[in-house]
Amino acid sequence: MRKLSKIAAAVSLAMGVAAGPALAEDPLKVGFLYVGPVSDFGYSYQHDQARQYLEKEFGDKIETTYIENVTEPADAERAIERLARSGHELIFTTSFGFMNPTLKVAKRFPDVKFEHATGYKRAKNVSTYSARFYEARYVMGQIAASESKTGVAGYVAAFPIPEVVRGMNSFMLGAQSVNPDFKIKIIWANSWYDPGREADAAKALIDQGADVIVQHTDSPAPLQIAQERGVLTFGQASDMIKFAPEAQASALVNDWKSYYKNRVEAVMNDTWESSDTWGGFKAEMVRMAPYANVSEETIKLANETVAKLEAGEFHPFTGPVMKQDGSEWLKEGETADDGTLLGMNFYVKGFTDSLPN
Amino acid sequence: MRLVLEKRAEHSRLMTVVSPLLAIGLSLIAGSIMFVMIGVNPAEAIYAFFIEPLTSTWSLEELVVKSAPLVLIAVGLSVCFLSNNWNIGAEGQFTMGAIFGSIIPVLFHGFTGPLALPAMIIMGALGGMFWASIPAFLKTRFGTNEILTSLMLVYIAQYILDYLVRGPWRDPDGFNFPESRLYEADHTMWMLGDGRMHFGAIFALVAVIAVWFMLTKTIKGFEIKVMGQTPRAGQFAGFSRKGIVWFSFLISGAFAGIAGIVEVSGTIGQLTPVISPGYGFTAIIVAFLGRLNPIGILFAGLLLGLSYIGGEAAQVTLGMTDKTTSVFQGMLLFFVLACDTLILYKVRLVKPQPTAGGAHERV
């Protein structure tokens, strides 16, 4: 009996020695899947910035891998499964199109944690996260209306999906808070990333009298046109000031760092749970790039709004707000619920175009 | 001294065998130089690219999933190219096949049972044939250049798909996001094995065997080749010029259409705005890489599939960027096609003549 316990002690000691340092040194493998190249200076670039931040922050406790430029669902499913099979315990799939592939792989790997950006389907091991980019668009609307002389902004938009429509409405409400008669002209690029078409759209909008260019597409091309033609513009997803040093007023910056850090910590502490996160300025997921090329007054106004958003005191969609047809949407003081915002498929009052369907 | 390419009287049988090996050797050397330049151990990189994907059942199955549509489309295209019909629009026929085949799971999703899937496949083939019949009609009726018409129709097909998934075919429960509903189990391709491999691989194999048989053993195969090489002689033999245009376009359209519906119902499981990473265009490369021979196309499709799967593996295991792997794929294709020159030509070293002719030649 004594001998047995001695052996047991020896075994556990040996295992402890063997397993202890191995556990401490075994880094957490975190995988990322990007829809674009990391060099797009926009959407995927910002995700990769956050990945690099994780590497810096966690040092050798973590190991990260990414697969870029995955545009099609069949390829996405294979790429996600490859990450799961090669020992990644936490996988961020950063584009809407990866939703169903992520869920399919998650079913086959119940022990791996998945984080899908901008989708709406969750599972026990699949969380979703997105940012309230529309908050920044409200601020952009205020800046645009304060600075514009023609009272017309040109909007280069990707597709008429809720994400984009919500941003337009928020921009419009921000602009109307400064100039109730503000107008928006829209060109649909029908692509997230098509520098040629985005540039053409920006040119056409300027020719139609817009003196502010806003974009909800990913390339810096519209900024370069704005720089060339001397009108105001905004960066998309990241600070794009180097593409338009004399034209960029600010930029809507996607900041995934703090969210990614929280999620990695949760996995390390074994507290990770499937959840849905939709954060804005308050959660540090959205911020404005440094202001430039605008007046002090405009900066003051923007800073005030941002401070309220950061404190959670202000919702861009606060009544009274009417729909485009004049019918009432939000009563005085009422704020929009997330369900309506997530499926938003109507314009607010003030738009002259009709929403393509 | 200079090097001269001299046309051979006949195909070199030796070079037919040696050229692919030479090409692989040259890509390995050039690739290794590139890998060293970016600080990656070339042995590890080449292992990740070509060997690792072959070491697990999972990635072998994925290789089949990736290669099957390429092979199926390329085999159809080989009939076109052999008969001198330049169908560049397989990508559009693929998309149309996916759209037509999806009419059942999207609009009539209540129609289930064992007949649903065969009906979808037939609809897919018809969709591809319909789209391919447009350039065939324009060519036979008005003499329009089929390269342009078939290529332009690719974009039209893609816009139709885009319109459908963002408009009338959008998933009613999908928060307005641009995707169709997910297909029912009865509308999903029969699976082979426990991974993602599905029945589409069988279609590709059957197509390879059927077209090989047709080209080598039947009068139709003879007709295709004669009409491709010397249409005048073919007409004297009683072959119809218009007939062969229609035949080759319809068969390649049908194959591309089947590949489309099989991809959507087998690999993706729904319609999305993008359903192909350019299979229809890559298949053109596969067809020529396989020297327009169905058996060759089978191997070419697998090689190209391997380079994609391997490229992705290298991204994960070695942290390479997507650009490096595409450059390496490009090198591989370049050397394979360049070395094929040696089958038709031989390289000769020409010594300069001692007369003034040498100087004269420079002018």
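A: Start with the division of chain A: domain 1 covers 25-131, and domain 2 covers 133-254 + 287-342. Such bounds come from an automatic or database domain assignment. The C-alpha centres of domain 1 and domain 2 of chain A lie 29 Å apart. Their contact takes 9 residues from domain 1 of chain A and 11 residues from domain 2 of chain A. Two residues are in contact if their C-beta atoms, placed from the backbone, lie within 7 Å.

On the domain 1 side of this contact, helix α2 (residues 43-58) of chain A gives the largest share, 3 residues. Helices (H or I, at least four residues) and strands (E, at least two) are DSSP runs, numbered from the N terminus. By class, that side of domain 1 of chain A holds 5 nonpolar, 3 polar and 1 charged residues. Here Ala, Val, Leu, Ile, Met, Phe, Trp, Tyr, Cys and Pro are nonpolar; Asp, Glu, Lys and Arg are charged; the others, Gly among them, are polar.

A word on ground rules. This is a predicted model, in which local features need pLDDT of at least 70, side-chain atom pairs count only at pLDDT 80 or more, and totals for chains, interfaces and linings use all residues. Residues are numbered from 1 along each chain as its sequence is written, while chains are lettered from A and ligands numbered from 1 in the order in which they are written.

pLDDT is the predictor's confidence in each residue, from 0 to 100. Chain A averages 90, and 93% of its residues score at least 70. Residues 1-23 of chain A stay under 50, and the model gives them 0 contacts beyond four places in sequence. Where pLDDT is low, the predicted coordinates should not be read in detail.

Now the sheet. Chain A has an open sheet of 6 strands, in the order β2-β1-β3-β4-β5-β11, with parallel pairing. Two strands pair if DSSP finds at least two bridges between them. Strand β5 (residues 126-131) of chain A joins β11(A) in the parallel sense over 4 bridges. In one bridge, A:T128 has A:D276 of β11(A) as its partner.

Helices pack here too. α2(A) packs on the sheet and touches β1 (28-33) and β2 of chain A; its direction makes about 165° with that of β2(A). Axes are lines fitted to C-alpha atoms, for helices over the stretch in contact, and angles run from 0 to 180 degrees between N-to-C directions. Helix α4 (residues 99-108) of chain A lies across β3 (90-93), β4 (113-117) and β5 of chain A, at about 170° to β4(A).

Finally, the partner chain. 27 residues of chain A are in contact with 25 residues of chain B. On the chain B side, the elements giving two or more residues are α3 (57-82), α10 (241-268) and α12 (294-318) of chain B. That side divides into 10 nonpolar, 10 polar and 5 charged residues. Within chain B, α10(B) also packs with helix α5 (residues 116-142) of chain B, at an angle of about 145° and with axes 6 Å apart.
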